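Trainee: Could you help me learn to read a protein model, one feature at a time?
Mentor: Gladly, let's open it together.

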Amino acid sequence: MENELHSLESIIEKNLSGHDLEEFNRIYYGRRDNLPLKLKESSFAAAEEGNFDVAGYAFPAALEHTRPPRIVRLAVVQHSLGTSTDKPVHEQRQAIYEKVKRIIDVAGEEGVNILCLQELWSLPYVFCTREKQPWCEFAESAEDGPSIKFLSELAAKYNMVIISPILERDESHGDVLWNTAVVISETGAVLGKHRKNHIPRVGDFNESTYYMEGNTGHPVFETRYGRIAVLICFGRHHSLNWMMFGNNGAEIVFNPNATTAAEGGSKWMWNIEARNAAIHNTYFTAAINRVGYETFPNEFTSGDGKPAHKDFGLCYGSSFFCGPDGVRCPGLSRVRDGLLIAEVDLNKNRQIADRRCYRMTQRLDYYVQSLSKVVELDYKRQIISEFEKQ
Ligand SMILES: NC(=O)NCCC(=O)O
């Protein structure tokens, strides 16, 4: 990892200052000042001891006459594995829990209201291998599996809604597996779950060997702190997927990922997709990525001509928040564990919707008509050509 770039932000900090830095911030992030939050000294001390980064930024809104501000503290966590993948399943899981607990404790002390973990946080990204044993043993109940029990306690302790993206085993329906995000309310009770809508079939992202596309639609969870949704990883390439969570009233969409810079991954798309979605749908988004290298005991291939290998490549972290106006904060590191906090005023969503009118000017009825034709077997594309009669 020594040769890996720490973050895009580290290049900027090293090379820009004063007016140039302000101009960069204004043009790239959307504002001159990133509005860093003043976090507690104890948080930085805990982060140093736990070997992770901690940062926070504010996303304020204008004061309104008729509604009080709706200030909510959000957080995302990116973390590497706790130990090597040749250890017994329960040992690997326990090592991850220990890492994550340290990070959530800091979030709790900072008064975070809603926290989201990375995709499949409680296990290695085993899906590249296509092996079933022992990896399927990481699967667990979305009601009372070990990860849910572990997080429920922390949720209740800190009055924090926690989103837990896990490998689910559905014991009521033939023990099948799903890629699922469980929403745990601040009471510690499970509020509900959402199963990943779009499953990757590219590069080493061999998830389709394990589970199918989800069957839970586009649920929005009404929590004490705001209406939230979870759009899991690969579904971020599908703009209608983002749109449906907005149609169902999401104020914040969390997007937990496991992605690398390799074929099928997303390095150059990363900074765009969750940001674009925030703009199109006038809501807050949080992009969260796994971080670190993950290697496996046996070599694997993925039918892409690459030599057999044991490593999945670098999951490059870089988690970030974006507001409904497209203004984003600096991201976390590409190589280190981290906790990123955003203090947002949810009133911003309606203020931007009123100003920009993207919701009002969308033509859903028009697209519904067109799309209903597109899916017909005898559909003829609307191409006007001087060469060929349609
Ligand atoms: N986990 C997952 O869906 N990864 C897909 C890779 C990507 O599209 O970023």
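The talk below goes from the whole chain to single residues.

Trainee: Before we start, how should I treat the numbers?
Mentor: Residues are numbered from 1 along each chain as its sequence is written. This is a predicted model, where local features need pLDDT of at least 70, side-chain atom pairs count only at pLDDT 80 or more, and totals for chains, interfaces and linings use all residues.

Trainee: How many helices and strands are in the protein chain?
Mentor: Helices (H or I, at least four residues) and strands (E, at least two) are DSSP runs, numbered from the N terminus. Here the protein chain has 10 helices and 14 strands. Its radius of gyration is 21 Å, close to the 21 Å that the globule rule gives for 390 residues, so the chain is as compact as a globular protein of that length. That radius is taken over C-alpha atoms, and the rule is 2.2 Å times the number of residues to the power 0.38. Along its principal axes, the C-alpha trace spans about 60 × 55 × 45 Å.

Trainee: What share of the residues in the protein chain is buried?
Mentor: A residue is buried if 20 or more other C-beta atoms lie within 10 Å of its own, exposed if 12 or fewer, and partly exposed in between, with C-beta atoms placed from the backbone. By that count, buried residues make up 46% of the 390 residues. Contacts tell you about the fold too: two residues are in contact if their C-beta atoms, placed from the backbone, lie within 7 Å. Of the contacts with a separation of 6 or more, 70% are between residues 24 or more positions apart.

Trainee: How do I read a sheet?
Mentor: Strands of a sheet pair through backbone hydrogen bonds, either parallel or antiparallel. For the count used here, two strands pair if DSSP finds at least two bridges between them. In this model, 7 strands form an open sheet with mixed pairing, in the order E1-E14-E2-E3-E4-E5-E6. Its edge strands are E1 (52-59) and E6 (190-195), each of which pairs on one side only.

Trainee: Which strands pair in the parallel sense, and which in the antiparallel sense?
Mentor: Strand E2 (residues 71-78) and strand E3 (residues 114-116) are a parallel pair over 3 bridges, and Val76 stands opposite Cys116 in E3. Strand E5 (residues 176-184) and E6 are an antiparallel pair over 5 bridges, with His194 in E6 as the bridge partner of Ala181. The hairpin of E5 and E6 has 5 residues between the strands, and Gly188 there takes a positive phi near 100°.

Trainee: Are Asn51 and Ser318 buried or exposed?
Mentor: Asn51 counts as exposed because it has 11 C-beta neighbours inside 10 Å. Ser318 counts as buried because it has 25.

Trainee: Which residues of helix H7 are buried?
Mentor: In H7 (residues 267-281), they are Trp270, Glu273, Ala274, Arg275, Ala277, Ala278 and Asn281. Their cover includes helix H6 (239-247), strand E9 (252-257), strand E10 (284-289) and strand E13 (320-322). After H7 comes Thr282, whose phi is positive, near 55°.

Trainee: How far apart are Leu240 and Ala277?
Mentor: They are 37 residues apart in sequence and 9.7 Å apart in space, C-alpha to C-alpha. Leu240 is found in helix H6 and is exposed, with 12 other C-beta atoms within 10 Å.

Trainee: Finally, which residues are around the ligand?
Mentor: A residue is near a molecule if its C-beta atom, placed from the backbone, lies within 6 Å of it. Around the ligand are Glu119, Pro200, Phe205, Cys233, Phe234, Ala258, Thr259, Gly264, Gly265 and Ser266. This shell divides into 5 nonpolar, 4 polar and 1 charged. Ala, Val, Leu, Ile, Met, Phe, Trp, Tyr, Cys and Pro count as nonpolar, Asp, Glu, Lys and Arg as charged, and the others, Gly among them, as polar.
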